[in-house]
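Here is a short briefing to read alongside the model. Take a moment with the sequence and the fold, and then we can walk through strands, cores and rings together.

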Amino acid sequence: HEDGHSHVLASTIPNCIAYDPAYSYEMAVILQEGLRRMHEQQESDFYYITAMNENYPHPEMPKGAESGILKGMYLFRDGGKSKGARVQLLGSGTILREAIAAADILERDFGVTADIWSVTSFNELRREALEVARWNLLHPTEKPRRSWVEQCLAKRQGPVIATTDYLKLYADQIRAWVPGRYTVLGADGFGRSDTREKLRRFFEVDRHFVTVAALKALADEGQVTA
């Protein structure tokens with residue numbers, strides 16, 4: 001089973017707030033906020049949350065990540081100081097772990113530094129960016145506002161690579177607000193039944209294809225040789 005479309009479908013419902021968390025602390029923050037909004041504040045929204053059945057270690061929450069989790073993305077791991085080539089890796093849900101593995105491959109085998117971002121909701125990122133764009137449109141004489149995507153990536157170096165277990169269209173929603181080169185990997189095509197590892201390799205969204213996509217983007221920018 002390959003559910004590549006559900007988050008795209010969720011984006012068409014105005015009061016559906018959809019998240020694809022990778023770790024338990026992300027789920028906890030989302031559920032707490034959902035209960036506050038739906039029960040305490042009595043807002044007419046509902047939540048759609050995808051939770052996978054993969055077994056893996058769950059780290060502690062990075063300090064100050066709560067706001068980013070709810071907005072749709074936060075910096076999971078800074079690659080540290082580096083004078084060489086650098087990329088920004090975006091992972092959504094459990095496939096974030098493939099982005100983490102790709103960052104390790106890039107550092108170990110190619111000397112490329114990667115900052116890793118956990119994207120809990122491309123849908124919410126787009127909605128907020130559209131609201132910002134509308135505000136800027138209607139207030140041309142005031143200082144332009146920046147979307148959360150722009151705020152996160154504005155001062156970061158290198159091309160941006162996003163990988164998800166969903167259609168490319170899911171992560172492609174934020175392209176207009178990503179500064180610089182943006183490459184999206186996704187599970188487009190007919191659903192198939194196999195191990196998740198083989199499915200990710202078939203759909204070209206696993207750590208190896210994230211690595212290749214990052215190197216190709218760097219090569220296109222002249223930062224590494226083809």
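How many bridges join S4 to S6, and in which sense do the two strands run? The answer is four bridges, with S4 and S6 running parallel. Please keep in mind that this is a predicted model.

**Nonpolar cores**

- As a general point, nonpolar side chains in soluble globular proteins tend to be buried together.
- The largest nonpolar core here has 38 residues, and Tyr 23, Val 87 and Leu 89 have the most contacts inside it.
- Several elements each supply at least two residues of this core, among them strand S1 (16-19), helix H2 (24-40), strand S4 (86-91), helix H4 (96-110) and helix H9 (207-220).
- Beyond its neighbours within four places in sequence, Leu 89 is in contact with residues including Ala 99, Leu 106, Ile 116, Trp 117, Ile 161 and Val 210.
- A second, separate core holds 22 residues, including Met 73, Phe 122, Leu 125 and Tyr 170.

**Aromatic pairs and the cluster**

- The structure has eight aromatic pairs.
- One of them joins Tyr 166 and Tyr 170, edge-to-face, at 5.6 Å centre to centre with 70 degrees between the planes.
- Tyr 166 counts as buried because its relative accessible area is 2%, and Tyr 170 is buried too, at 0%.
- Phe 202 and Phe 203 also form an edge-to-face pair, at 5.1 Å centre to centre and 85 degrees between the planes.
- In this pair, Phe 202 is partly exposed, with a relative accessible area of 46%, whereas Phe 203 is buried at 8%.
- Tyr 23, Tyr 25, Tyr 56, Tyr 74 and Phe 76 come together in one aromatic cluster.

**Charges over rings**

- Which residue lies over the face of Trp 148? Lys 71 does, at 4.0 Å from the ring centre.
- Arg 145 lies over the face of Trp 135, at 3.6 Å from the ring centre.

Key. Residues are numbered from 1 along each chain as its sequence is written. This is a predicted model: local features need pLDDT of at least 70, side-chain atom pairs count only at pLDDT 80 or more; totals for chains, interfaces and linings use all residues. Side-chain values use heavy atoms; hydrogens and water are left out. Rings of Phe, Tyr and Trp (its six-membered ring) pair if their centres lie within 6.5 Å; planes under 30 degrees apart count as stacked, over 60 as edge-to-face and the rest as tilted. Buried means under 20% relative accessible area, exposed over 50%, partly exposed in between (1.4 Å probe, protein chains only). A charge sits over a ring if NZ of Lys or CZ of Arg is within 6 Å of the ring centre and within 35 degrees of the ring normal. A nonpolar core is a set of buried Ala, Val, Leu, Ile, Met, Phe, Trp, Tyr and Cys residues joined through side-chain atoms within 4.5 Å. Contact means heavy atoms within 4.5 Å. Two strands pair if DSSP finds at least two bridges between them.
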